[in-house]
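Look at the structure first, then read on.

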Amino acid sequence: MSVHKVIKRVTTNTILSMKTNGEKVTMLTAYDFSTAKALDEAGIDVLLIGDSAANVFAGYETTLPITLDNMIYHASAVARGAKRALVLADLPFGEYQGTAEDAFKAAVRMMKESGVHALKLEGGIEIIDNIKKIIDAGIPVCGHLGLTPQSINKFGTFSVRAQEEAEAEKLKSDALALQQAGCFAIVLEKIPAKLAREVSESLNIPTVGIGAGNGCDGQVLVVNDMLGFTKDFKPKFLRQYMKMYENVVEAASQYAADVKSGNYPNESEQY
C-alpha cells in the first residue's frame, strides 16, 4: 500500500519515506481555500503556495513584486483548506537573500502567521548559511535549483538551465550542499532530464521536478496551468488536464445570456 494512503497527515518524514519506498511525490500549487480543499481531497501530497501567485493570481510578469504579507495571506487560506497534505510556502524575493538573521525572522513570521508546515527557498551555496539558520530553528526547508524565477533578471530568460557543464556541476554541488544543510527535498526546475535523474539518484532526499523529466522523485505544476486556466502558457513540459479557461468563458457567457433574456432566475430559483 502506498505511503500517503495510510497516514492522516503528510509530513516531511512521509515525503522522505516515499523516496525510500520508490513512491512518487505529487505536488501542486494552491493559492486559496477552495482550491486547497479540492486538491487535498484529491490526495495531492504537497500543496505549494508558490510565489507564482504573483503571475497567475495578480498578473505580474515576474514573481518579484509579491510581498511577505501577500504570501502569508495566500498561505493561511491554503493551510485552512488542507487537512491531509503537507503545506509548503515560498519565501518571497528579498526576504532571505540578505543576512541569516533577516531570513530567520521572515521564516518565523511565515510559519507563525500562516500555519504552513515548511518553506521553500531558491538558491544553493550562496544562501546556505541562511538555510542552516532556518533549519536549525526547527523549520523544514525545501530547496529549489535550476530555473529559479526570483533570479529572472540575472538570467534574463526562462529557458532551460544547466545545459552547460559548468552550470550542471554547480547544480550538483548545490544539491549536495542543500542535503547536507538539512533540506528535506529539492525542487528541480527546467533542467535537462538526464541531469535531473543523475541528481535525484545521488541524493537521499527526494527531488520534485517541473520541466525536469521523469527521473525525479516527484512532480509539481502550477495548478492554473495544469487546469488550463492560463490561456496562453503552453511550455513543452506542461500537460493540461482541463480546458478551464474555455469552460469559464462558456459558462459566464451562458449566465449572461440567461440574465439578459430573463431566463435566470426562474420560478424554482426564487423564494
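## Helices H6 and H8

H6 and H8 cross in a right-handed way (the near helix is turned clockwise from the far one by less than a right angle). This is a predicted model: local features need pLDDT of at least 70, side-chain atom pairs count only at pLDDT 80 or more, and totals for chains, interfaces and linings use all residues. Residues are numbered from 1 along each chain as its sequence is written, and side-chain values use heavy atoms, without hydrogens and water.

H6 covers residues 128–136, and H8 covers residues 165–181. Helices are DSSP runs of H or I, at least four residues, numbered from the N terminus. The two axes come within 9 Å and cross at roughly 25 degrees. Axes are lines fitted to C-alpha atoms over the stretch in contact, with angles from 0 to 180 degrees between N-to-C directions. H6 and H8 are therefore roughly parallel (angles under 35 degrees).

Ile128, Ile131, Lys132 and Ile135 of H6 touch Ala177, Leu178 and Ala181 of H8 (heavy atoms within 4.5 Å). This contact has six nonpolar residues, no polar ones and one charged. Ala, Val, Leu, Ile, Met, Phe, Trp, Tyr, Cys and Pro count as nonpolar; Asp, Glu, Lys and Arg as charged; the others, Gly among them, as polar.

## Helices H4 and H5

H4 (residues 68–81) and H5 (residues 100–114) have axes that come within 9 Å and cross at roughly 35 degrees. Their crossing is right-handed. The contact residues include Met71 and Ile72 of H4, and Arg109 and Met110 of H5. By class, seven are nonpolar, two polar and three charged.

## A charge over a ring

The charged end of Lys133 sits over the ring of Phe104, 5.2 Å from its centre. The rule asks for NZ of Lys or CZ of Arg within 6 Å of the ring centre and within 35 degrees of the ring normal.

Methods. Helix = DSSP H or I, 4+ residues; strand = E, 2+ residues; numbered from the N terminus. Parallel < 35°, antiparallel > 145°, perpendicular 65-115°, else oblique.
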